[in-house]
Amino acid sequence: MTARDGQAAVELEGVGKAFGGRRVLAGVSLTVPPGGRLGIIGPAAGGKSVLLKLIAGLQRPDAGAIRVLGHDLVAAREPELAALRKRIGMLFQNYALFDFLSVADNVAFPLLHAGVAADEIDARVAARLRAVGLAGSESKMPAELSGGMKKRVGIARATVARAELVLYDEPTAGLDPVTTSKIYDLLRADQAETGSTAVVVSSDVAAVAAFADTIAMLHDGRIRWVGAAAGLFDADDLVVRSFARGEERDGAAVLSRSVEAARPAPGAWP
Amino acid sequence: MIFRRSLTQLGGRVMAMARDVGGVFVLTMEVLRALIPPRLDGRETVRNLYKMGNRSVPIVVLTALFVGGLMVIQFAAFVKQFGARALVGWGTGYAVFREVGPILIGLMFSGRVGANNTAELATMTVTEQVDGLQALAIDPIRYLVVPRVVAMMIMLVALTVIGDAVALIGTMIMSYVVLDIHPYTVWYSLVDNLGPSDFLHGISKSLVFGAAIALSSCYFGLTVRGGAVGVGRAVNAAVVGAAVSICFLDFLMTYLTA
């Protein structure tokens with residue numbers, strides 16, 4: 001089953017998720033049309049990564065409904081989820097590179113397990129690594145790479161199979177502005193070429209607003225605001241506007257969270 | 001008050017143990033299900049066979065050599081007292097094949113290979129590599145666990161065979177040095193009094209211990225919580241779990257076949 005014309009690529013309705021009694025998501029509803037680019041912003045530890053894992057079918061929601069590429073993820077059994085995941089690419093916040101495989105083998109991994117011919121794998125891996133600026137690093141192991149390089153290998157792996165839906169968790173965290181710009185150019189070019197749908201979680205509000213056509217802000221486990229990316233910085237909602245602009249509000253509550261969110265993980269600089 | 005708190009703590013530990021035993025049982029069922037029909041990731045299996053077996057040979061050889069010699073030193077006084085020179089080969093061979101070889105090498109294998117396996121899987125879990133596999137539609141049980149279980153079972157058997165042979169060499173050397181018993185005498189005492197069943201008894205134990213170590217180490221690796229600290233705790237739990245399993249299974253198998 002594929003996402004038919006007019007049918008949303010991703011559809012969440014009243015999705016809730018809690019861990020050990022701590023509510024992370026409460027009644028999240030979102031829709032992403034096929035070929036759309038949704039950016040998700042919000043304070044750190046606000047459930048953005050959990051939301052992506054729910055869309056990828058890696059976790060089950062406690063409440064609500066999730067439909068991805070025409071599949072009901074709540075009702076789907078494991079074989080159906082596995083088949084669906086072949087159509088989804090995902091970049092993890094902590095890269096999730098397989099540390100026992102070289103850079104080239106990491107990028108080739110999804111193709112290898114999809115039964116793609118060896119010479120085509122070599123060509124596509126080489127092209128992907130060139131695109132993310134890592135040509136010549138094929139034989140390096142993940143432990144030899146900087147945080148930024150790992151992130152780029154992760155992007156190459158997430159996009160090499162030309163998935164219908166690509167989920168990016170902090171694709172540019174720890175990257176310098178020039179590389180950030182190049183990465184978003186790459187994502188844009190990929191999307192134009194494959195017609196895929198992209199969902200991006202990012203703390204880099206300006207960069208994700210420039211990339212996405214729609215922005216959703218997750219706040220206190222709920223979608224606080226959804227709208228065109230162009231309107232984010234002038235949103236009527238003061239909390240949203242303050243967060244997007246990084247301005248202080250109500251005793252710096254929002255600012256402190258946005259600053260925390262924007263701070264890269266230790267050792268994440270390229 | 002103190003009694004109540006102690007009872008609560010005891011109850012909590014029993015519940016945690018029951019959860020772990022149940023978890024290992026569920027993992028065992030998942031591994032068996034993944035093997036029907038038999039499908040094995042060849043590359044991962046070969047990689048694990050090499051990593052787990054090849055690097056364990058030197059430590060097994062060294063330990064087995066000393067253990068074989070040590071048994072003769074312990075027997076020496078009685079052998080001299082009763083003139084039981086013809087029984088040295090039988091006594092050491094019986095103990096090595098049926099008990100000392102499988103248990104000693106199993107415990108060593110658990111401390112070296114099992115602990116390493118738990119640390120590797122736990123690190124993969126906390127760094128989202130296991131999620132990464134699932135995101136690529138690859139079943140972690142089939143890709144990560146099954147090759148490790150198969151490799152550990154094969155390698156523990158192979159190492160036990162090597163360890164048994166080296167322990168007997170140690171026995172022969174020390175019998176000659178301490179008791180002036182010719183290696184041929186030890187050898188004939190061994191082959192005249194022991195049969196294939198004694199050797200196979202130990203090998204069957206190694207096969208079961210290999211599975212127990214693999215399942216315990218994989219379970220604690222995949223269920224780790226809490227980052228680097230959690231990895232340490234998982235390794236500790238896996239080694240303890242494997243040691244207890246080895247002793248329990250050894251008792252059970254010996255009792256049932258006695």
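Colleague: At what angle do the axes of helix H3 (residues 57-82) of chain B and H4(B) cross?

Modeller: Start with the axes: lines fitted to C-alpha atoms, for helices over the stretch in contact, with angles from 0 to 180 degrees between N-to-C directions. In this predicted model, the axes of H3(B) and H4(B) cross at roughly 145° and come within 10 Å. Local features need pLDDT of at least 70, side-chain atom pairs count only at pLDDT 80 or more, and totals for chains, interfaces and linings use all residues. Residues are numbered from 1 along each chain as its sequence is written, chains are lettered from A and ligands numbered from 1 in the order in which they are written, and side-chain values use heavy atoms, with hydrogens and water left out.

Colleague: In which hand does H3(B) pass H4(B)?

Modeller: A crossing is left-handed if the near helix is turned anticlockwise from the far one by less than a right angle, right-handed if clockwise. H3(B) passes H4(B) in a right-handed crossing. From H3(B), the contact (heavy atoms within 4.5 Å) takes Ile59(B), Val60(B), Thr63(B), Val67(B), Met71(B), Val72(B), Phe75(B) and Val79(B). H4(B) answers with Val88(B), Gly91(B), Thr92(B), Ala95(B), Val96(B), Val100(B), Leu104(B), Ile105(B), Met108(B) and Arg112(B). By class, that contact of H3(B) with H4(B) has 14 nonpolar, three polar and one charged residues. Here Ala, Val, Leu, Ile, Met, Phe, Trp, Tyr, Cys and Pro count as nonpolar, Asp, Glu, Lys and Arg as charged, and the others, Gly among them, as polar.

Colleague: How do the axes of H4(B) and H9(B) cross?

Modeller: At roughly 150°, for H4 (residues 88-126) and H9 (residues 227-257) of chain B, with axes within 8 Å. H4(B) is therefore roughly antiparallel to H9(B). The cut-offs: under 35 degrees is roughly parallel, over 145 roughly antiparallel, 65 to 115 roughly perpendicular, the rest oblique. H4(B) passes H9(B) in a right-handed crossing. Residues of H4(B) in this contact include Gly106(B), Leu107(B), Ser110(B) and Ala115(B). On H9(B) they include Ala234(B), Val235(B), Ala238(B) and Asp250(B). The contact of H4(B) with H9(B) divides into 14 nonpolar, six polar and two charged residues.

Colleague: At what angle do helix H6 (residues 140-179) of chain B and helix H7 (residues 183-193) of chain B pack?

Modeller: About 135°, with the axes of H6(B) and H7(B) 8 Å apart. That makes H6(B) oblique to H7(B). The crossing of H6(B) and H7(B) is right-handed. H6(B) gives Leu168(B), Thr171(B), Met172(B), Ser175(B) and Tyr176(B), while H7(B) gives Pro183(B), Val186(B), Trp187(B) and Leu190(B). The residues are seven nonpolar, two polar and no charged.

Colleague: How many helices and strands are there in chain B?

Modeller: Helices (H or I, at least four residues) and strands (E, at least two) are DSSP runs, numbered from the N terminus. Chain B has nine helices and zero strands. Its C-alpha trace spans about 65 × 55 × 30 Å along its principal axes. Ile36(B) and Pro37(B) are joined by a cis peptide bond, omega about -5°. Pro37(B) lies in the loop between helix H1 (2-34) and helix H2 (42-53) of chain B.

Colleague: How much do chain A and chain B bury between them?

Modeller: The size of an interface is often given as the accessible area lost when the parts come together. Chain A and chain B bury about 1,700 Å² (1.4 Å probe, summed over both), 62% of it on carbon and sulfur atoms. Chain A puts 22 residues into the contact and chain B 17.

Colleague: How many salt bridges cross the interface of chain A and chain B?

Modeller: Three, by the rule: a side-chain nitrogen of Lys or Arg within 4 Å of a carboxyl oxygen of Asp or Glu. Asp105(A) pairs with Arg43(B) in a salt bridge, closest N and O atoms 3.4 Å apart. Over all chains, the search finds 20 salt bridges.

Terms used: Buried area = accessible area lost by both parts, 1.4 Å probe.
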